[in-house]
Amino acid sequence: MIEQKPIFFLGDSHTCYFAFAGRMGLFAPLEIQVCTAHGATAAGLVNPNSFTAAADKFKNFLRKRTKEAILILHLGVVD
């Protein structure tokens with residue numbers, strides 16, 4: 001049997017849809033975990049004064065988890 005790696009979704013408010021799908025069992029039998037930083041943007045990740053502090057939130061999330069995972073980053077643009 002092929003080992004299944006967990007899937008981590010990191011991103012803006014749109015990652016809430018992945019969390020919902022996970023709760024509904026739509027990813028079964030895969031393990032998923034979601035880290036949402038509302039308002040996060042790609043440009044904000046490199047800004048140390050970012051309002052969302054998304055980079056720190058994502059780093060803290062990943063620091064506590066296995067490195068053997070699939071990582072999906074989902075960020076929007078500044079409107």
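Okay, let's start in a loop: proline 29 sits between H1 and strand E2, which spans 32-36. What joins alanine 28 and proline 29? A cis peptide bond, with omega at about 10°.

Quick housekeeping. This is a predicted model, so local features need pLDDT of at least 70 and side-chain atom pairs count only at pLDDT 80 or more, while totals for chains, interfaces and linings use all residues. Residues are numbered from 1 along each chain as its sequence is written, and side-chain values use heavy atoms, with hydrogens and water left out.

Now the overall picture. The protein has three helices and three strands, and from the N terminus the order goes β-α-β-α-α-β. Of the 79 residues, 27% are buried; buried means under 20% relative accessible area, exposed means over 50%, and partly exposed is in between, with a 1.4 Å probe and protein chains only. The accessible surface is about 5,700 Å², and carbon and sulfur atoms own 60% of that. Those areas come from Shrake-Rupley with a 1.4 Å probe, and for residues only the protein chains shown count as cover. On contacts, meaning heavy atoms within 4.5 Å, take the ones with a separation of 6 or more: 67% are between residues 24 or more positions apart.

Skip the neighbours within four places in sequence, and isoleucine 72 touches Ile7, Phe8, Phe9 and Leu10. Isoleucine 72 still counts as partly exposed, because its relative accessibility is 32%.

Next, charges. Lys and Arg count as positive, Asp and Glu as negative, and His and the chain ends are not counted. The place of a charge is NZ of Lys, CZ of Arg, CG of Asp or CD of Glu. That gives 8 positive and 6 negative side chains, with the centres of the two sets 6 Å apart. Side chains of opposite charge can pair when their charged atoms come close. How many salt bridges does that make here, if we ask for a side-chain nitrogen of Lys or Arg within 4 Å of a carboxyl oxygen of Asp or Glu? The count is one. The partners are glutamate 68 and lysine 5, at 4.0 Å, N to O. Those two are 63 residues apart: glutamate 68 is in the loop between H3 and E3, and lysine 5 is in the segment before E1. Lysine 5 is partly exposed, at 39% relative accessibility.

Aspartate 12 is the one I'd like you to look at. It's in the loop between strand E1 (7-11) and H1. Aspartate 12 is buried but has no salt bridge, and the nearest side chain of opposite charge, lysine 57, is 12 Å away. Beyond four places in sequence, aspartate 12 contacts Thr36, Ala37, Ala40, His74, Leu75 and Gly76.

Patches are built from residues with over 30% relative accessible area and no salt bridge, joining like charges within 9 Å and nonpolar side chains (Val, Leu, Ile, Met, Phe, Trp, Tyr) within 5 Å. There's a positive one made of Lys59, Arg63, Lys64 and Lys67. Lysine 67 lies in the loop between helix H3 (54-63) and strand E3 (70-74), and it's exposed, at 71% relative accessible area. There's also a nonpolar patch of about 350 Å², from Phe20, Met24 and Leu26. Phenylalanine 20 is in helix H1, residues 16-23, and is partly exposed at 47%.

Last stop, backbone again. Most residues other than glycine have a negative phi, and most peptide bonds are trans. Alanine 53 isn't a glycine, yet has a positive phi of about 50°. Where is alanine 53? In the loop between helix H2 (42-45) and H3, partly exposed at 35% relative accessible area.

Terms used
Helix = DSSP H or I, 4+ residues; strand = E, 2+ residues; numbered from the N terminus.
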